[in-house]
Amino acid sequence: MSPGDYGTKAVPSYIAAEAETTPLPKITVPPPAPATNSGKSLGDLPMRVVYRAVAVAAGVGILGASVAFAVLGRGTPAPAAVRAPAAQGVTQQAAVASGAAIGTATGAVATPGLSPLPSASSLSAGPQTSVSPEPSSGPVDTAMAAALHDPRVPTLPANERKLRRLHGHPAHIRGLVKDRRSGVALPRFTKSWTLAKASPFASRQVLPKVKGMSYRGLLVSCPVPIPQQETLRDTAFLAARWTLNHHPSGATITWTASQPMKAGKRKGWLLGYTVHYTVKGKKRTSAAALALVDVPDRKPAVVFVTIPDSQKKRWRDINAVMSSVKAL
């Protein structure tokens with residue numbers, strides 16, 4: 001039977017009605033459970049986030065420090081102000097003590113009367129918390145320390161003192177003795193003075209021996225045989241102490257001159273002094289002088305002359321020597 005066979009007949013209900021469908025089951029997706037450990041670290045974060053976090057932390061730290069400083073700054077500084085004078089006084093006393101210790105032990109410190117150490121009054125002139133000694137170019141100078149404690153050698157005069165004209169008449173001069181080892185030239189005396197074997201000096205002239213005396217006039221030159229100091233004056237001071245080795249045992253010094261000098265175009269320092277000693281129970285003296293000359297590219301040169309009172313007629317030769325010394 002085809003569909004047209006029904007004609008006008010009613011269509012059966014089981015055909016006209018739509019077929020019932022079975023409802024689909026409802027599917028519900030449960031929400032994801034919170035992760036206990038995501039497994040991500042700081043390295044997984046974007047760099048801009050890390051930079052922002054660091055900047056925020058730094059800003060908070062600076063702000064906190066500023067606030068703390070402002071709060072503490074409002075406190076009264078009275079206790080610190082009260083303690084400051086006492087602490088300053090203790091520090092200055094320690095500085096004076098340390099300065100005195102340095103002055104007697106280091107070669108860089110000048111001879112008393114030359115470059116005196118700072119006094120306690122100068123240290124207390126203004127607020128100071130510490131005193132630093134001048135840098136030293138080398139180890140402790142034992143020669144200067146010994147000279148400062150040597151009772152045979154007094155401190156140099158505080159002011160310049162000119163060499164006075166001494167007794168007698170100067171000897172005749174015939175040219176110069178050119179000491180190339182030391183870098184200086186000095187007068188070559190005739191008649192009274194004679195050239196002698198230079199060793200251990202670089203040049204030497206002597207006066208004739210005096211009967212009954214083992215000591216006679218001496219004129220020598222050589223490179224300075226003692227440690228060189230910071231100034232010509234200090235070096236001359238040590239050199240004068242060294243000249244006591246060429247006087248009778250127990251000799252002492254009193255100063256008669258201390259002045260700068262010119263040795264040609266070079267600078268120098270002149271010291272004049274009287275040497276006191278005892279020979280055979282009798283007190284004797286010698287007139288002496290020393291010229292320390294600055295020599296280019298080498299140690300300073302020493303020209304030293306000493307004449308005993310038994311030959312005092314030749315004392316004026318000391319003036320002639322000191323006025324004739326020249327650097328080569």
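1. The model is predicted, so local features need pLDDT of at least 70 and side-chain atom pairs count only at pLDDT 80 or more, while totals for chains, interfaces and linings use all residues. Residues are numbered from 1 along each chain as its sequence is written, and side-chain values use heavy atoms, leaving out hydrogens and water.

2. Strand 9 spans residues 301-308, and eight of its eight residues are buried. Strands (E, at least two residues) and helices (H or I, at least four) are DSSP runs numbered from the N terminus. Buried means under 20% relative accessible area, exposed over 50%, and partly exposed in between (1.4 Å probe, protein chains only). One side of the strand holds Ala 301, Val 303, Val 305 and Ile 307; the other holds Val 302, Phe 304, Thr 306 and Pro 308.

3. Strand 9 pairs antiparallel with strand 5 (residues 218-223) over six bridges. Two strands pair if DSSP finds at least two bridges between them. Strand 8 (residues 282-293) is also antiparallel to strand 9, with eight bridges; Ser 286 has Pro 308 as its bridge partner.

4. The whole structure has five salt bridges, each a side-chain nitrogen of Lys or Arg within 4 Å of a carboxyl oxygen of Asp or Glu. Asp 309 and Arg 284 form one of them (3.0 Å, N to O). Asp 309 lies in the loop between strand 9 and helix 7 (316-324) and Arg 284 in strand 8, so the pair ties together parts 25 residues apart in sequence. Both residues are buried.

5. Asp 150 forms a salt bridge with Arg 241, the closest N and O atoms being 2.8 Å apart. Asp 150 is buried, at 10% relative accessible area, whereas Arg 241 is partly exposed, at 22%.
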